[in-house]
Amino acid sequence: MNAYSSLLPRPATVEPHPGICLLNAEMPLKVIGSAEVASLARRFLSGLRPAAQPEASRPRNTTETARLVVEVSAGRPPGGYSLQVAEEGVIVEAGDLEGVAGALTTLRQLLPAEIWRSAGAPPGGWTVPCGRVIDAPAYGWRGAMLDVARHFFPKRTVLRYVDLLALHRYNRLHLHLSDDQGWRVESRLHPRLHEVGAWRPATRLGPDGVSDGTPHGGYYTLDDLAEISAYARSQGIVVVPEIDVPGHTSALRAAYPELGRPGEEQAVLDTVWAGGSSISPTGPVLSFLRDVLGEILDATGTPYLHLGGDECDMSWWAGDPAIAAEMAAHGYTEARQMHGHFLRELGGFLAGRGVRMVVWDEAFVTGGVLPDTVVMAWRGHEVAERAARTHDVVRTPLFPTYLNFDQSDLPEERRSEGGPITLADVAAFTPAPAGWPDERRSRVLGGQWQVWSEWVPHERHLDYLAFPRACALAEVLWSGGIADPAEFGARLRTHLARLDALGVEYRPLAGPHPWQTGGTGVWRRSGPGRIEETKKWVESISREP
């Protein structure tokens, strides 16, 4: 397989040409664009430098040798680019930073897989075959969600995943920062959030689990979050923080019990499974959350913030005097109306900061949306189509984008929440089905994969679950679909050498390594996959009330 036929995702237009171009860290660089674009180009060149090579021995390019030209100009679609490799040099033309990042990643993929290792370039640099690539993404939202609440992943893991997402042309990193099992971001205005809410004394895996008696926790400082966001932005990736309200808030209420149901004992949950308990949807709680969301916006500068809105227990709201009084003041007769009101109020605060609100699809059902709200539809195709009648939609269906589900029916697969969701299932996904009216299809911004971390205690298992299925979704979202699974499979097998070089502990195509299996202990798979049962459950909870 030649270099141009091994690219993943597959570009729209590829033209191999005769000849080779020599790339090295000292090649002349010309940038027509912002300081951020220039910095990205310089980082690319620095990655071509041999390890520990003395300054005096580095090869020096002359005016007759290859050079790198990077130009940003109007006229190309967001994320689109052209890449021209000739013997005299490389020319990148793009419409934005994201397009430049994509072009330079494509250029790097044209080199041997060893370019992804830390050992540095061979003496003299790398040779790349000449050719031309013209490319643009099919969808503008190509995302991944990491649940860092159920099990915490340190900053180094998140930064590593920024690199892995960039390799696959993803452009959104959704961080699920709060849930019943942990609050994962510092608040300087309300410090008990991270002092109390960021850890639990023990963990029980699943509803029938046994407590391990071991404290678990961690959080990102606001400076950490700013660093993660800036690093992602430098590679054309937008961080989308999520603070899940008004449900999934046990950790928040453990820190500030007065925000929850009066007289109820509050604690960070040790059972790493589901959730749904709620805070009070009243004015004082809204004021508290505006403080917290403002801190996160100041740190990240993000254009999107996710407010959750899913799986909320509203059963006690109508009987609470403070909530009932506010419901009466607004003329509401049902708790779900208060749910929608609560989210709209927070969405209005975000809008005042120039930020778009994102929610899970339950919030769409309760009216917890503004006209420009982005709806993440996780409960199947029918809910997504209903939302797309009026709102922009990001496709996140449990099947096949919940990559925390296992990958086959093999008995040795490690225990998970369900499955299987196979590589082939992900490859067959269609974000905007052909049967939908064009108007609704046009409101599909894209899609993303999710790894909920109830059963994902560490980075090694995160790698195993995410890859190679994330490779397939990257192709779907970039190219619009996978028309030839066999051809994709051939490119994927070549691409796995890049993941090997990066140290990604993916699931081999033939099945798990022995050390990746469930064994005979707590991680032993309890039975065959339950995907049909799960599909029926999702269907039952997605019907219009």
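This note reviews the packing of selected strands and helices in a predicted model.

1. Basis. In this predicted model, local features need pLDDT of at least 70 and side-chain atom pairs count only at pLDDT 80 or more, whereas totals for chains, interfaces and linings use all residues. Residues are numbered from 1 along each chain as its sequence is written, and side-chain values use heavy atoms, with hydrogens and water left out.

2. The sheet. Six strands form an open sheet of mixed pairing, in the order S1-S6-S4-S5-S3-S2; strands are DSSP runs (E, at least two residues) and helices likewise (H or I, at least four), numbered from the N terminus. Two strands pair if DSSP finds at least two bridges between them. Strands S1 (13-23) and S2 (29-32) are the edges, each pairing on one side only.

3. A parallel pair. Strands S3 (residues 67-72) and S5 (residues 89-94) run parallel and are joined by six bridges. Val69 has Ile91 in S5 as its bridge partner.

4. The helix pair. Helices H1 (residues 35-46) and H2 (residues 97-109) have axes that come within 10 Å and cross at roughly 10°; axes are lines fitted to C-alpha atoms, for helices over the stretch in contact, and angles run from 0 to 180 degrees between N-to-C directions. H1 and H2 are therefore roughly parallel to each other (angles under 35 degrees count as such).

5. Strand S17. Four of the five residues of S17 (residues 356-360) are buried, that is, under 20% relative accessible area with a 1.4 Å probe, protein chains only. Val358 is the bridge partner of His306, and Val374 in S18 is the bridge partner of Val358.

Key:
Angles under 35 degrees count as roughly parallel, over 145 as roughly antiparallel, 65 to 115 as roughly perpendicular and the rest as oblique. Buried means under 20% relative accessible area, exposed over 50%, partly exposed in between (1.4 Å probe, protein chains only).
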